[in-house]
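Subject: Structure handover

Hi,

My notes follow below it.

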Amino acid sequence: MGPMANNPSLEPEEEAGGLSSRFLLDKIDQVRELGIDIPLPQLAAFGDQSSGKSSVLESLTGIPFPRDPSLCTRFATQIACRRDLEEYIDVSIIPRPSADAAEKARLHGFHRRFTAGKRVNFTEIFPAANRTMGLRSKDGKAQVPLPTFTENILKIEKSGPNEDHLTVIDVPGIFRDTEPDMALVNKMVKNYMKDSRTIILAVMDCTRDIATQDVLKLAKEADPDGLRTLGVFTKPDLATERAVQRLVIDRVLAKNPHLKLGYCVVKNRGADDLQSTLQQRHQREKAFFQQDPWSILDKTGRAGIGALGLRLRELLQAVTKREFPEVKNDIKLRLRKDQEQLQELGTSRADAHAQRAYLAKLSTTWQSIAFCALEAHYVRDQIFTQNPQMRLVTRVIDLNEAFAHGFWRRGHKWKFMSLSGLDGDDEDECRELTFQHSTYIPIPVDSYPELQSIIHHDPEYSSEPPLPHVLSLSGKQAERASLMDYIKHAYRGSRGPELRTFGGSILGAVFKEQSEKWEDMALSHVSRVILVIHDFIVHLLEAIVTDRDVRRALWEEVLVERLCKIYKRAMDHTRFLLDVELRCRPFTYNHYMASNLEKCRLKRFEEAFRAQQTDFHMPEDEAERLMSLNEFKSMAVYKSNSQQICEEVHDKLSVLFSYYKVARKRFVDNVCQQVVERFLLSGGLTNDEENKSPVKLFDADLVLSIDDAKLEAIAGEDPSVKHHRENLKAEVDKLEKALKILRV
């Protein structure tokens, strides 16, 4: 290495395009040292084995590559020359991306630094690098088979005041020997060539047929338009045939349609020339290109190592200035992507404390979304906009209203109609509920097999249940006959040893028959609500727990069993309410019953009186309806036992009509309030697990109740996840440093 110059100016020069190319090249080289997996502007030299590629790079950079065939390039070598006040050579190893932590640490330990005035013996450095990378030695003796080539990169940084800025990568030569080694080298070559920011330096021995050299074939595959491939002919001094010389010269002079960057030609140092300096080598090359027939190339800027170096620096500067903004954008995109992946992975969960904190954070998010879903605060979280089925309380209210409406229209077996206004309240209810529509949600039991043994699914009630039969309480004779037949049938099937009286059991018997649809309708409704809530919980879990393994373990080990217990309690309470209404004696303190019964009796007497009326025409031409005492006695007193019982039953059925309305409204409210609201939505007053709503089940108390062993099974990280997080953190750190470097 030459002596250090006296403080030359190294200020970045300004150009018409803004910042100097040298300044941008320095930035790119600093980013390259970080080892990030982002394509960067670079020069890469490729060539068939023994094409003279290493000699070309030695002439360009001043780095003496080994000439021993057994020490040929077995790894990519990154050579960075830069102008600096300090004169030194740094040699290190960049580990391949797939290397584990131990190997990376070992390879990073290889470092050689040579300052000004120190002799650099590369014949020792390259073998030492081979050994550090674990490559096969010259003699090939090893206890275990060792690879010949590697994807590790030997980095040589050469700095000094007289250096020209140039970074070039030497890729192992292409060869047709041992199959595994050939595949690895070809993979390395293709990986370097494919990057759109790489200038391909295709080195070819001009003494060999160009068509048979693989480097051009591979370059054409990676760069089919030839926009970034520069051909370099070597060993022109060995091309003694005139035809070969003419072919090389024509290619250099011609505007080749396949390689837009054209060709250059250089003369290498002789194979036996081990003593001459680079200056002597350049002088001999210059003298060679002044001879015929090569002298025609002397003024083209395409002959000699000096012309090649200038051409390469120009190309590297051009691609760097062009790609600099895109490199920054690529780094920003990669950084954002890696940060998102880190966020998805969450914090490290190496111990029980971290695992519990992780689940507690998830439970907080769960509770926040659950609160919004129960209170209809849908604007507070984007999940309700992206997935409308998460609007839980709205869906449940729709189901409850449809349930109430369906119960009013179809919940009874016999529908009573009246012309007297007896069911006027029912008519008002009709006007209130006509806007409602049934909301029958198909129950996909196959989607949630854990619910099969809990929910009630009756095919008859998978759609709206059938309309009830119609019985009339009006005075029409045909309808009265039909009603009396039903009354007599009910009486005969329920009478006891009463003496001209009406047994109370008939009301219970008829009410039970009138309410025979209640059980299927109520259980089906609660089942639909359970399904909607279960579906909400499943989608909520998928939304907040991005780790699939954690989600599966949390569901299977903690949530699903507890949820099923709550659902079963809700179904059991529905059956309890059914048992109270259908299996106990009819009972109510509602004053509506007494009032309605008096109306029924008055109406029956009124209809009987009308049948026996006598009209007298008064002078005012007005009609009064009169009845004799004997006629009244005959109608009201002299009745058969059967007739008396039927009339009493008729009164009782009127009571049944009123009682049914009271019981139906009471039952619907109880199901919606006690089962749906209390068991399935809001939960009880206490916060113990027995009283929790399934929607609020995943909370801090549940997390604290999980023992450490189960916690590890649920939230413990797989080693591959830990390794992935560490790699992501390291990558994010490098990308952030890269952006800081590129900030100008």
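Predicted model: local features only at pLDDT ≥ 70, side-chain atom pairs only at ≥ 80, totals over all residues.

Glu103 touches Arg96 and Asn152, once its neighbours within four places in sequence are left aside. Glu103 sits in helix α3, residues 101–108. Is Glu103 buried or exposed? Its relative accessibility is 13%, so Glu103 counts as buried; the cut-off for that is under 20%.

Next, the sheet. Nine strands make up an open sheet with mixed pairing. Their order is β4-β3-β5-β2-β6-β1-β7-β8-β9. At the edges are β4 (111–115) and β9 (263–265), each pairing on one side only. From one strand to the next, the twist averages 20°.

Inside that sheet, look at β2 (residues 76–83) and β5 (residues 153–160). They pair in the parallel sense, over eight bridges.

Now helix α8, residues 278–288. Its buried residues are Arg281, Glu285 and Phe288. They span an arc of only 55° around the axis, so they lie on the same side of α8. What do these buried residues pack against? Their partners are α2 (53–61) and α9 (305–345). On the face turned away from the buried side, α8 carries the exposed residues Gln279 and Lys286.

Two helix pairs come next.

On the α12 side, the contact residues are Leu392, Arg395, Val396, Leu399, Asn400, Phe403, Gly406, Phe407 and Arg410. They meet a set in α16 that includes Trp518, Met521, His525, Arg528, Asp535 and Phe536. By class, the contact of α12 with α16 has twelve nonpolar, three polar and four charged residues.

The second pair is α17 (residues 548–583) with α22 (residues 708–715). Here the axes come within 7 Å and cross at roughly 140°. That angle makes α17 oblique to α22. From α17, the residues in contact are Val550, Ala553, Leu554, Glu557 and Val558. In α22 they meet Lys710, Ala713, Ile714 and Ala715. This contact of α17 with α22 has seven nonpolar, no polar and two charged residues.

Last, a loop residue. Where is His457? His457 lies in the loop between α13 (424–433) and β11 (469–472). With a relative accessible area of 45%, His457 is partly exposed. His457 and Ser527 are 70 residues apart along the chain, and their C-alpha atoms are separated by 7.6 Å.

Best wishes

Note on methods. Residues numbered from 1 in each chain as written. Heavy atoms only, no water. Contact = heavy atoms within 4.5 Å. Helix = DSSP H or I, 4+ residues; strand = E, 2+ residues; numbered from the N terminus. Nonpolar A, V, L, I, M, F, W, Y, C, P; charged D, E, K, R; others polar. Pairing = 2+ DSSP bridges. Axes fitted to C-alpha atoms, helices over the stretch in contact; angles between N-to-C directions. Buried < 20%, exposed > 50% of the residue type's maximum accessible area, 1.4 Å probe, protein only. Arc of directions from axis to C-beta. Parallel < 35°, antiparallel > 145°, perpendicular 65-115°, else oblique.
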